[in-house]
Amino acid sequence: MHVAALREEVAVAPAPEASGMARLLTCGSVDDGKSTLIGRLLWDSAAVAEDQRAAVMHASQNRLLNGEKVDFSLLLDGLQAEREQGITIDIAWRYFETPRRRFVIIDAPGHEQYTRNMATGASHADVAILLVDARHGVKRQTRRHAAICDLVGIKRVVLAVNKMDLIDWSEATFRAIEAEFRALAQSFGFIEIVAIPVAALPGDNVVRRSAAMPWYGGPTLLDHLEALDVSTERRDAPFRMPVQLVLRHGDFRGYAGTVASGCIRPGDRLVDARSGLGASVRRITAMDGNLAVAAKGDAVAIELDTDLDISRGAVLSEVQRRPINADVLEARLVWLAETPFDPEAGYLLRTATDLTPVTSMSISALIDFETLASAPAHACAANDIADCRVLLGRPTSLDLFSHLPATGCFVLVSAVDGTTVAGGVITWAQAGASAVGDNVFVLDRELLARGLCSDLGDSPADLAEFHRRAQEAAILLRSVGIPVLIEI
Amino acid sequence: MTAPVSHLKLLEAESIHIFREAAAQFRAPVLLYSIGKDSTVLLHLARKAFWPAKPPFPLLHIDTTWKFRDMITFRDRTVREFGLDLIVHTNHDGLSRGINPFDHPPSVYTDIMKTQALRAALDAGGFDAAFGGARRDEEASRAKERVFSFRAAGHRWEPRRQRPEMWTLLNGRLGKGETVRVFPLSNWTEGDVWRYIALEKIDVVPLYFAAPRPVVTRDGQLIMVDDERIKLEPGEKPELRKIRFRTLGCWPLTAAVESDASEIDAVVEEVLRAKYSERAGRLIDHDQAGAMEMKKREGYF
């Protein structure tokens with residue numbers, strides 16, 4: 001195919017949306033045959049280069065396999081430590097394409113001790129392929145995987161019932177598993193569930209239609225993935241663009257960001273929810289020329305007719321349906337760090353582009369993702385799913401995750417070492433409930449510079465030490481029950 | 001054969017987002033510019049991300065003195081054309097010790113002239129973030145790489161200490177002694193890079209296009225004779241063959257492929273039909289099992 005033709009294809013494409021790419025999360029455990037399924041998908045759709053094929057064939061011979069000729073999982077296991085342990089502990093990204101679509105495979109581990117890895121991988125996916133072993137059907141783990149997918153906002157699910165060859169291609173068993181899954185999935189917000197009977201090792205219904213299951217009239221896994229609609233946005237979604245930075249060049253002053261939802265055109269009114277200031281869009285600029293419209297996913301710069309004096313962290317939105325200018329929120333989160341939650345430690349709330357100090361935070365419940373029951377709790381640690389309440393040192397613009405995912409999610413950052421300790425979705429938020437008042441002790445630069453940090457100068461090392469002391473002082477104050485806000 | 005292209009706009013937007021996130025969060029970023037097709041796309045995206053302003057960071061090229069001559073010409077022209085700041089760093093100590101790709105094993109040569117040189121240049125510049133053109137589809141250990149890849153003091157990459165990245169939230173808050181490598185092309189494939197070059201009409205080093213060039217065959221690999229420093233074996237004689245490169249690095253370590261693809265459309269088509277993965281032409285990766293992972297741990301890219 002010639003490039004001239006490629007360009008034509010672009011020109012006639014209906015919209016520059018995500019339709020050209022689908023991000024697939026594969027979940028299931030090693031025993032369910034997940035690596036084999038992905039390997040088979042890559043192998044049969046010709047996404048494996050000859051030298052990789054040769055390497056896999058060669059390595060397969062070095063392993064003891066139950067009579068299998070090719071170990072497809074060798075295509076996937078990346079890091080040396082993992083190869084030695086024979087397990088997948090991190091997320092691996094794979095890319096392949098067919099004439100119809102470009103795919104990203106996000107391969108996340110299935111074991112319970114890797115819930116955090118799975119949640120992380122799932123947060124990037126358009127669709128989840130939930131793998132179950134036909135011999136064992138829906139397990140507690142399947143429910144947990146579905147719950148994690150739902151938590152991070154996945155709306156489409158494929159239930160791949162694998163190893164059909166080991167149950168004599170039984171339609172009755174397949175239907176029973178499908179029915180059981182559909183029943184349990186009612187607790188979640190999925191908009192589409194498709195069940196497909198497959199046998200990954202021999203390759204039935206992965207890419208090649210199975211001759212062994214004439215009773216199945218649906219698509220093969222690849223057919224379904226190629227045709228899948230991955231858009232999730234409602235037609236009338238309100239406009240949001242979190243400002244990443246302000247671009248200045250001569251007289252030009254543009255607010256740069258990626259549109260998180262909705263769309264905007266020159267002349268439209270915008271507002272910064274935090275300051276309440278409004279302006280009209282003068283131009284939407286890009287290196288290729290000015291744009292007539294900017295929609296969800298577009299990385300643009302917006303020039304306004306009046307200077308709002310806003311910076312990174314502001315969310316430009318439409319005037320009518322604004323984000324919540326919140327300083328108290330409730331959220332469901334997955335704890336990612338090895339270090340457990342510590343109510344006295346300092347945390348920062350990282351939303352789309354804002355970083356807001358947390359003055360106090362508490363855990364209210366832990367969720368058992370296999371039974372979906374919640375139990376009151378005050379602590380949480382790695383791989384836990386918890387409900388929490390967060391008070392912020394100042395208001396920030398955000399939305400509820402169920403309403404607008406891109407401006408309703410966050411990660412929690414350790415104020416001490418900068419690590420990402422949790423990821424969460426906002427379930428409730430309110431303005432003015434916890435505004436910094438008499439009961440919050442503000443540790444500001446002047447106060448610290450006068451005493452505790454009077455020996456420090458302006459060098460990067462001294463500034464780092466300044467921050468470290470501020471955090472340590474805050475930890476001591478919080479430990480005796482004083483809410484603290486660091487403002488330096 | 002058809003080739004999807006509608007996802008390229010999505011990849012472009014994602015990369016621009018990453019550039020802006022890094023520029024907003026890090027004090028002193030730098031763009032690692034290696035002159036190849038990935039660096040070229042990286043630079044194009046950087047220009048888009050900050051347009052009409054220039055990218056708010058300099059380019060850094062680690063020059064081993066063994067790059068193809070066409071690459072250096074292209075580099076200097078690009079920098080001039082776009083009015084960019086370029087830092088060129090060479091490990092002069094290694095050079096004076098006579099370290100070269102013919103007499104030393106690829107792992108030793110790469111460590112001294114590339115990895116050590118890169119670490120020294122980053123330290124000398126006080127950079128806390130370095131943009132690189134690495135893609136996750138290149139090699140198995142890169143398939144698990146983050147977009148913000150944190151490096152402990154000494155630029156060490158510890159796979160187990162990488163930060164989880166959820167949604168499009170990129171946390172750039174550095175811990176003590178930490179620096180970060182930023183990979184805006186993480187989700188691109190080689191096919192995407194070439195289709196994007198065609199779509200955006202981006203200029204690349206001419207070596208990517210087939211032309212008659214002098215080569216010798218060593219261990220089944222075609223090595224181009226780019227200057228007189230090559231040490232010909234007895235009976236070895238350069239011959240003219242129509243070749244091009246899928247990847248560019250130090251010329252004694254970069255194998256060519258025979259090809260008739262002399263313009264962009266033909267290259268795109270050839271890449272999309274390729275039977276061999278891209279890094280098969282890079283001699284340094286074949287040195288030992290898990291070679292790339294070892295190099296990464298030591299601070300190579």
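Analyst: One definition to begin with: two strands pair if DSSP finds at least two bridges between them. Strand E11 (residues 269–272) and strand E15 (residues 315–317) of chain A pair in the antiparallel sense over 2 bridges. Keep in mind that this is a predicted model.

User: Which residue is the bridge partner of Val271(A) in E15(A)?

Analyst: Val271(A) has Ser317(A) as its bridge partner there.

User: What sheet are those strands in, and what is the strand order?

Analyst: An open sheet of 7 strands in chain A, with antiparallel pairing and the order E7-E15-E11-E12-E14-E9-E8. The edges are strand E7 (240–242) and strand E8 (245–249) of chain A; each has a single partner strand, so one side of each has no neighbour in the sheet. From one strand to the next, the twist averages 40 degrees.

User: What about the open sheet of 6 strands in chain A, what order does that have?

Analyst: The order is E2-E3-E1-E4-E5-E6 (chain A), and the pairing is mixed. Strand E2 (92–97) and strand E6 (192–197) of chain A are the edge strands, each pairing on one side only. Neighbouring strands of this sheet are turned against each other by 25 degrees on average, with direction ignored.

User: In which sense do E5 and E6(A) pair?

Analyst: Strand E5 (residues 156–162) of chain A pairs with E6(A) in the parallel sense, over 6 bridges. Within that pairing, Val161(A) has Pro197(A) in E6(A) as its bridge partner.

User: Zoom out. How many helices and strands are in chain A?

Analyst: Chain A contains 10 helices and 24 strands. Of its 488 residues, 46% are buried. Among chain A contacts between residues at least 6 apart in sequence, 70% join residues at least 24 apart.

User: And how is chain A divided into domains?

Analyst: Into domain 1 (3–227), domain 2 (240–317), domain 3 (324–430) and domain 4 (441–487).

User: How many residues of domain 3 of chain A are in contact with domain 4 of chain A?

Analyst: 9 residues of domain 3 of chain A are in contact with 9 residues of domain 4 of chain A. On the domain 3 side, strand E18 (residues 355–368) of chain A gives the most, with 3 residues. The residues on that side divide into 4 nonpolar, 4 polar and 1 charged. Taken over C-alpha atoms, the centres of domain 3 and domain 4 of chain A are separated by 24 Å.

User: Switching to chain B. How many helices and strands there?

Analyst: Chain B has 8 helices and 10 strands. Buried residues account for 52% of its 301 residues. Of the contacts in chain B with a separation of 6 or more, 78% are between residues 24 or more positions apart.

User: Why does its radius of gyration agree with a compact globule?

Analyst: Because a compact globule of 301 residues would have a radius of gyration near 19 Å, and chain B has 19 Å. Along its principal axes, the C-alpha trace of chain B spans about 60 × 50 × 40 Å.

User: What domains is chain B divided into?

Analyst: Domain 1 (8–192 + 290–297) and domain 2 (206–284) of chain B. Their C-alpha centres lie 24 Å apart. The contact takes 18 residues from domain 1 of chain B and 18 residues from domain 2 of chain B.

User: Which elements give two or more residues to the domain 1 side of that contact?

Analyst: Helix H3 (69–82), helix H5 (106–125) and helix H6 (190–200) of chain B. The largest share, 3 residues, comes from H3(B). By class, the residues on the domain 1 side of chain B are 7 nonpolar, 4 polar and 7 charged.

User: Last one, Arg173(B). Where is it found?

Analyst: Arg173(B) is in the loop between strand E5 (148–151) and strand E6 (179–182) of chain B.

User: Why does Arg173(B) count as partly exposed?

Analyst: Because Arg173(B) has 17 C-beta neighbours inside 10 Å; a residue is buried at 20 or more and exposed at 12 or fewer.

User: What does Arg173(B) touch?

Analyst: Leaving out residues up to four places away in sequence, Arg173(B) touches Val413(A) and Gly418(A). As for Phe127(B), it is 46 residues from Arg173(B) in sequence and 14 Å away in space, C-alpha to C-alpha.

Terms used
Residues are numbered from 1 along each chain as its sequence is written. Chains are lettered from A and ligands numbered from 1 in the order in which they are written. This is a predicted model: local features need pLDDT of at least 70, side-chain atom pairs count only at pLDDT 80 or more; totals for chains, interfaces and linings use all residues. Helices (H or I, at least four residues) and strands (E, at least two) are DSSP runs, numbered from the N terminus. The radius of gyration is taken over C-alpha atoms; the globule rule is 2.2 Å times the number of residues to the power 0.38. Two residues are in contact if their C-beta atoms, placed from the backbone, lie within 7 Å. Axes are lines fitted to C-alpha atoms, for helices over the stretch in contact, and angles run from 0 to 180 degrees between N-to-C directions. Domain bounds come from an automatic or database domain assignment. Ala, Val, Leu, Ile, Met, Phe, Trp, Tyr, Cys and Pro count as nonpolar, Asp, Glu, Lys and Arg as charged, and the others, Gly among them, as polar.
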